[in-house]
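Hi there,

Here is the structure I promised to pass along. Have a look first, and my notes on what turned up follow below.

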Amino acid sequence: MRLLMLALAVVCLFHGGLLPFTHGNTYDAFIHMFFGDSYHRSWFDVWEPRWYTGFATTSYPPGTHMAIGALQYVMPLRAAFVVTMLAGLILLTIGVYRFALIWVEPRAAGYAAISLALSSSISETVHLFGQLPTIFSLGVFLNGLPSVYGWIVGGRWRDFLTAVLFACATTAAHHVTTLFGSVLFILPLAPLALRVVAELNAEKTRKQRLQSLFWAFTRGIFLAVFMIGSIVITVLPYWIWSINDPITQVPIPHGSRENFLEKPQLGLIFFVLPWGIALFALPYVFVTSLRTRMFPLGLAVFLGFVLGTGGTTPLPRAMLRGAFDILTLDRFTFWATILILPFLGRMFESLLHGRAGDVLRKALGRGGHRALVGSGFFGMVGVSVFVAILPTLQPMQPRFVDPAPIVQFLEEDEHDRWRYLTLGLGDQFAYLSARTEAQSVDGNYHSARRLPDLTRFSVERLENAKFSGVPGLGSLRQFLINADAYHLKYIFSNDAFYDPLLFFTGWDRLQKLPNGIAVWEKPDVSPLPLVTPRREIPVWQMVMWGALPPFVLVLALGHLSLSTLRYGFGMRRGFLRPAVMVTGPVGSVRLLRRLMLGALVLMLGLSSWGAVSIWRATHRPLSVEEQIEAYFSDLDMRRFRAAYERFDPVTRPEFDQAMFTWRWQGGLIASYGKLQEVALEEIGGTEVTRRWRVRLTWLTAVNLREELREVSTVLRDGIWYLEAPELRPTQTPERLQRRADIDWNLVGRRQARLEADLHRDRLDRPRIFLHGTRLVEKDGRFSLVGALTNGDADPAKVTVLGDLRAEGQGRALAHMAAGMADGQRLLPAETAGFRIEFEGVLSLQDATGEFDPTRFIPPELAARPDGATIEARALVAGLGLYRAVGLNGLRISTEGGRLHLSGQAVNTGTEVATITRVVALLYDEAGQPVWTEAGFVDRNILPGQGQGFALDLPARDEIEVIADLGSDDMVVNGASQQSDTGLPDAATGAIPLVGVPGYSALRLHVSSMVHEPLF
């Protein structure tokens, strides 16, 4: 009992002391806070509209979340989470002690509880992952196992009812624990219980012993049936949700399913750290299992060990089958580290009080014995503390962002009438959601997602889309382009990586909040309806969900408290047959001493070999190929000093000069790109100097881009170095630049009065005109192309939406908005081309396998389109109107009918053009628009400087015109288009194309993003 009290004290002081400081850096803590806040706001209403345009909270067992929601009446949200987690740890500590009593003696059970308190798996689950339901549900579950054992052995109805009650309570907290815990924790109890029944009836006749075993087995089956029934009934609305709305989405990659040999960093997090020092006890588990009645428990330990290896071996996939791609397999490692605790308790008892201790004292002396046992103890403490503070030493989440300014912004001026999205906040997004009633299209519980744009990509959430590469950015782009369909108006960005995608899909950066978050707005998005759609859930399900799970949880905890006060933490001793501590004479001390000395020498030898191997691997000179790859990796990760050290020390410039060279080359790739691949080709050289052509593949927010560079390397003293790039020789001759310009300031609707908005605040919509709009098909892709002219005196921010239609189909076949091939911001009298490309989402069959970024998924159409309708609307624009970049030296070449444009983009203004886009509109031989394409300049353009650009355009015979749209097919600013002015055609302001088959002219529109580059 004293050991248990000590374990509880360690849990409260160690974990309870760290929790207030570590929970904010965990992965899941804020998710559980959001669910808790949902129940606090509405206990019985299970429809939560704030994520994924609405989802049912019956998709996750509510026990721990309701505990957080109830505690919010007396304490803040984060404090409620900490208290609930600490309560779960206390329950788990008591549960481990009670579970261990079934297998080992009380003192060993006490050491098992202490081992839990110092376990690195608990530190990781609590302080790194923040998995509250896993901790809480397992604590409840383990406290019910003595009743399971007692019912099978003794047949008392009190134990039966208690076992069923605790099964219900465990399910209320987390159903997965009950399902898989039954296999790993209850099944090992069955053979032990049957063996104890046989021993208790050993003096009876053979027939009576068989009858006793039969009735014990029957009681076990009877209990299993009722436990299954309790699992179903306790969270019945969850099972109804699972059946009526099954999870049909692309599996989301998880590190616990990877091959740990190929990705050792994941093996460290999901396997080595949770096991910790317990890995060295596996041989003891094996031997003890063979020699004692703990054999079933040992099998469960090794089963959890194997399943926790993830994709390292084929066994987990073979055993779990389809569940392999759904479950996070680190939970099996966690359960295995709990199952091993009775073995650890027995081992420590033997080392301190049993024959193992006597042997060590005689072989090594008291000092050696204390040093050996103490090293094991301090090893457990050290690993546990290291894991607990790991998120502080190596942050795995973005810096904490105060949500108050974002919440205040959403509450002002009725901004919460639209949905919002966050980028780069990490799991703090869930905490922000809990602080506001505003709705988001994103969420942080992927099992509840039902939007095809989310479920058809292997993306956990839009918020961290860049970490999913092209699939993530493709999913995000769908939402940014079609923001009006989701009533998505505001984006709060904590990552400038997404700036190019936001700007060139028509979003405007409004301001930076006091917490450093950039606010982006999509103008002209319709607000949410006053009554948003929701799934109707029967009243009886909502009442059952809000009443039964918390009732059984409170009842189980109440029963545990009363039982503890009345009977203590143990159970009936007559039913227990633990594996007793081994005692007896000590064998040959000399032999043992030699064996231990040999083991020590072997360990020292292996450690020395490993240290030397690591030192050699980290200090050996890199090959020339590795040196080049490391250089570009350093640049990508902004390790500029490390990149500088890879330059030839004889010829390299000063560090400041090198930094100036790198900063000079900002833009889409250098400032906003993430390196994906480095391909090398040697193009010449000698034994000591080599020249290389380097093909770099960069992931940017707008697309995948390739860059070709030539690098020279030199060998000095056995080490390969790179020659430093030269500073660009051309600079503007002007030392003071002047530019007469016209600018606009759009004050907006915010006025110094109580009302948020009045009609007189709104400006008239600029007059815009659609002309030459056509439905075309290229490579199986349907697109709407045309020209758009601003015929107003004010700059226009334009939104263009299109619908595919077919004769005989009443509804539109598909709906889409114009993407990046669109001049979203037009100055007065400007004309630009646009293209609306109708793209579908991946089917579940198409989504399997490796993602192909060049693959196009056509929309699912009920019929082949033979026409279309288009809508354009505009607001007065005041941002993103920099037009000082022009095109010089334009060269047009053709090959196979395809056009290749190249030239120089020159910045004649006074601001840095961080990213420049060129939109090309092609006219056919009849002078009608036929295709629009967009390209980007890779690097930033300083004032007075230029950068090369290139753009490829399709051949005319690749494009089939399906239909020309008339005025009846167009709606502009809510009305039919009426033009009282001459609109520019292929002969006005366009570049003639002479000798190009199928084309007559080309119109170019240049726009630039002038935000400050990242470096």
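A salt bridge here is a side-chain nitrogen of Lys or Arg within 4 Å of a carboxyl oxygen of Asp or Glu. Please keep in mind that this is a predicted model.

**Salt bridges**

By that rule the count comes to 39 salt bridges. One of them joins the side chains of arginine 50 and aspartate 37, with N to O at 3.0 Å. Arginine 50 sits in the loop between strand S1 (47-48) and strand S2 (55-56), while aspartate 37 belongs to helix H2 (residues 29-41), so the pair ties together parts that are 13 residues apart in sequence. Arginine 50 and aspartate 37 are both buried.

Another salt bridge links arginine 864 with glutamate 777, whose closest N and O atoms are 2.6 Å apart. Here arginine 864 lies in the loop between strand S16 (831-837) and strand S17 (867-876), and glutamate 777 lies in strand S11 (residues 768-778), so this contact ties together parts that are 87 residues apart in sequence.

Glutamate 871 is partly exposed because its relative accessibility is 28%, whereas arginine 873, at 10%, is buried.

**Strands and sheets**

Next, some strand pairings. Strand S7 (residues 674-685) and strand S8 (residues 689-699) run antiparallel and are joined by 10 bridges. Within that pairing, alanine 679 stands opposite arginine 695 in S8. The link from S7 to S8 is a hairpin through 3 residues.

S8 also pairs with strand S9 (residues 704-716), in the antiparallel sense and over 11 bridges. There, tryptophan 698 has arginine 705 in S9 as its bridge partner. A hairpin through 4 residues joins S8 to S9.

Elsewhere, an open sheet is formed by 4 strands in the order S21-S20-S27-S26, with antiparallel pairing. Its edge strands are strand S21 (929-936) and strand S26 (991-992), each of which pairs on one side only. Strand S20 (residues 915-924) and S21 run antiparallel and are joined by 7 bridges. Alanine 920 stands opposite glutamate 933 in S21. If you want to look at side chains here, recall that in a regular strand they alternate between the two faces of the sheet.

**Helices and the surface**

Helix H4 (residues 77-103) has 27 residues. From its first C-alpha to its last, H4 reaches 40 Å, close to the 39 Å expected at 1.5 Å a residue. H4 is mostly covered, as 21 of its 27 residues are buried.

Which helix gives the most to the nonpolar patch? Helix H11 (residues 206-234) does, with 5 residues. As a reminder, an α-helix has 3.6 residues a turn, so residues three or four places apart point the same way. Tryptophan 157 is found in helix H8 (residues 157-173). Tryptophan 157 is exposed because its relative accessible area is 54%, and the cut-off for that class is over 50%.

How many disulfides does the structure hold? The count is 0 disulfides. Cysteine 12 is partly exposed, at 34% relative accessibility, while cysteine 168 is buried, with a relative accessible area of 11%.

Finally, arginine 620 is placed in the loop between helix H26 (589-619) and helix H27 (624-636). Arginine 620 counts as partly exposed, at 38% relative accessibility. Arginine 620 and isoleucine 719 are 99 residues apart in sequence, and their C-alpha atoms are 9.4 Å apart in space.

Best wishes

Technical notes
Residues are numbered from 1 along each chain as its sequence is written. This is a predicted model: local features need pLDDT of at least 70, side-chain atom pairs count only at pLDDT 80 or more; totals for chains, interfaces and linings use all residues. Side-chain values use heavy atoms; hydrogens and water are left out. Helices (H or I, at least four residues) and strands (E, at least two) are DSSP runs, numbered from the N terminus. Buried means under 20% relative accessible area, exposed over 50%, partly exposed in between (1.4 Å probe, protein chains only). A disulfide is a pair of cysteine sulfur atoms within 2.5 Å. Two strands pair if DSSP finds at least two bridges between them. The expected span of a helix is 1.5 Å times one less than its number of residues.
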